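Trainee: I am new to this structure and would like to learn how to read it. Could you go through some features with me?
Mentor: Gladly; let us have a look together.

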Amino acid sequence: MLENLESWSLQIMNPSADYHNTAKAEDQVLEELGDIDLEGKNDKTENVEGQSSFPLDVQEAVLTRCSLKTLLRFKSVSKSYYGLIKSKRFIMEHMKHSVETNTNLNLILTHTVCPVSESEESWYGQLFIGSLDTTNTLSREIPLRKIDQPFTDWEQGTDTPFIGSCNGLIALRNSSGSIAVHNPSTKENYHITSFWLGEFDVRDDVCDGFGYNPVDDDCKLVRMIQRRGNTKRTEIRVYSFKEGYALDYETEKPFYLGSSCADACFSNGRLYWLVASGPQEDVQDLILSFDLSTAQISSGKIPIDTSGDVYAVFLFPFAGSICVSCVDDGHGSFCQIWQLKDTVNDKKKATVSWERLSFRKNGVFGDGCDFVKPLAYSKCEDKILVDTYNGENEAWNLYWYDQIDKLGHGPISINNVPNGPRDSATCIETLISFREIDDEEAESSSEEEEKEVMLSLDEYEKRQKRREVEEKDLTKG
């Protein structure tokens with residue numbers, strides 16, 4: 001049995017393994033682990049020749065490489081596995097591995113007010129999600145489902161309340177100003193009903209951001225407001241999920257949010273916004289950085305000349321960093337996509353360096369492609385999932401961009417998604433919970449949770465018995 005377990009474990013840990021074969025291997029590992037008493041009362045991992053038992057650290061390494069769906073099943077194997085999978089240490093290790101290997105990744109599509117489109121179609125607050133792990137890069141379809149999000153009180157014409165994603169969580173807001181953080185994998189919600197204390201005018205410029213501070217191990221929500229008629233002063237409120245309260249800041253740094261300022265993008269402990277250097281600027285020309293650990297604000301010029309044919313600039317996360325792109329009237333062969341490589345802050349100024357990504361758009365993503373947004377690498381990192389916009393026919397299409405032959409494979413079919421302007425993002429699958437659980441607490445399950453585990457084990461044993469009966473019948477036949 002150990003030889004089989006080792007073979008299947010290596011298959012799961014292989015980063016280039018086919019998804020369907022990996023899923024089959026996970027099922028086989030689960031069947032074998034169902035015969036292992038991990039509490040040590042009846043250890044069947046040691047055979048009659050006296051071979052050593054399957055090491056627990058290797059078992060944990062195997063679990064770290066499993067999909068979230070499989071981990072939810074593995075919780076029913078034993079109390080030891082149940083406690084391990086619920087522990088914060090394991091959840092963070094699993095998330096770290098997912099990020100490093102481009103696995104357990106979901107695509108999210110939302111409605112947005114798009115500066116390059118005049119469409120007035122509404123998604124009525126709907127968000128859609130689909131797994132990229134189950135999608136072969138040769139496939140022309142990504143199955144999507146509607147996210148059962150906590151806010152449903154949306155009126156016709158309003159955009160989807162998507163602020164951003166971080167560590168497998170997505171931040172949302174509703175029309176009354178409430179904010180919720182939602183885990184699409186576990187369906188768990190965390191509501192902040194009174195995030196901003198005090199009134200603000202609908203004509204005030206407001207933008208939000210959601211990110212993670214690795215120094216304090218804390219998710220944070222940030223809102224910036226510039227009052228109408230007093231844009232030289234910016235009010236900032238930072239909510240700590242770990243502490244359960246907010247702190248207020250102010251800054252008089254010279255930048256302007258404007259009515260078109262989008263919500264922030266998160267990367268490496270910082271939130272980033274596109275802002276304008278002057279009140280008369282039609283297009284944002286600065287990138288604003290907010291350090292979630294120190295609350296320090298810095299800004300720098302973006303590498304795109306906005307004084308020419310550029311009429312819209314976009315900021316988005318990609319490959320663990322931040323990218324800026326634009327839509328212009330130049331009709332050039334290559335997209336202007338720049339990736340932020342480094343930000344060095346000191347008391348006097350911030351130094352920002354950029355690197356241009358080469359994406360040819362003419363003839364690669366169909367005719368008339370105006371905008372290309374890279375979203376995520378494939379599991380083998382030979383292809384990049386990109387979202388594109390065609391201004392001639394008001395169409396958004398997804399493609400797999402092959403980095404070797406420099407061609408776009410698509411468009412990819414996405415069913416049951418409304419038409420109209422959209423935004424796209426990625427979000428990893430995670431077991432992160434909003435209720436703080438330490439490793440000792442995870443080891444001791446509540447009575448109700450234990451009942452759920454035992455019921456799952458009963459179902460598993462019944463399935464095993466049915467399979468044994470079926471095998472005997474086949475043998476007799």
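Trainee: What span should the 14 residues of helix 6 have, and how far apart are its end C-alpha atoms?
Mentor: A word on the source before that: this is a predicted model, in which local features need pLDDT of at least 70, side-chain atom pairs count only at pLDDT 80 or more, and totals for chains, interfaces and linings use all residues. Residues are numbered from 1 along each chain as its sequence is written, and side-chain values use heavy atoms, with hydrogens and water left out. Helices (H or I, at least four residues) and strands (E, at least two) are DSSP runs, numbered from the N terminus. The expected span of a helix is 1.5 Å times one less than its number of residues. Helix 6 covers residues 88–101 and should span 20 Å; its end C-alpha atoms are 20 Å apart, which agrees.

Trainee: Which residues of helix 6 are buried?
Mentor: Buried means under 20% relative accessible area, exposed over 50%, and partly exposed in between (1.4 Å probe, protein chains only). In helix 6 the buried ones are Phe90, Ile91, His94, Met95, His97, Ser98 and Thr101.

Trainee: Why do they line one face of the helix?
Mentor: An α-helix has 3.6 residues a turn, so residues three or four places apart point the same way. Seen down the axis of helix 6, the buried residues fall within an arc of 160°, so they line one face. That arc is taken from the directions from the helix axis to the C-beta atoms. On the face turned away from the buried side, helix 6 carries the exposed residues Val99 and Glu100.

Trainee: What do the buried residues of helix 6 pack against?
Mentor: Their partners are helix 3 (56–64), helix 4 (68–74), helix 5 (79–86) and strand 24 (422–428). Contact here means heavy atoms within 4.5 Å.

Trainee: What follows helix 6?
Mentor: Asparagine 102 does, and its phi is positive, near 55°.

Trainee: Where else is phi positive in a residue other than glycine?
Mentor: Asparagine 167 has phi near 55°, and alanine 295 has phi near 65°. Asparagine 167 sits in the loop between strand 4 (162–166) and strand 5 (169–173), and is buried, at a relative accessible area of 18%. Alanine 295 belongs to the loop between strand 14 (286–291) and strand 15 (297–301); with 21%, alanine 295 is partly exposed.

Trainee: Is the peptide bond from glycine 410 to proline 411 cis or trans?
Mentor: That bond is cis, with omega near 0°. Proline 411 lies in strand 23 (residues 407–412).

Trainee: Is glutamine 284 buried or exposed?
Mentor: Glutamine 284 is buried, with a relative accessible area of 10%. The loop between strand 13 (270–275) and strand 14 holds this residue. Leaving aside neighbours within four places in sequence, glutamine 284 is in contact with several residues, among them Ser260, Cys261, Leu274 and Val313.

Trainee: How many helices and strands are there in the protein?
Mentor: There are eight helices and 24 strands. Of the 477 residues, 50% count as buried. Among contacts between residues at least 6 apart in sequence, 52% join residues at least 24 apart.
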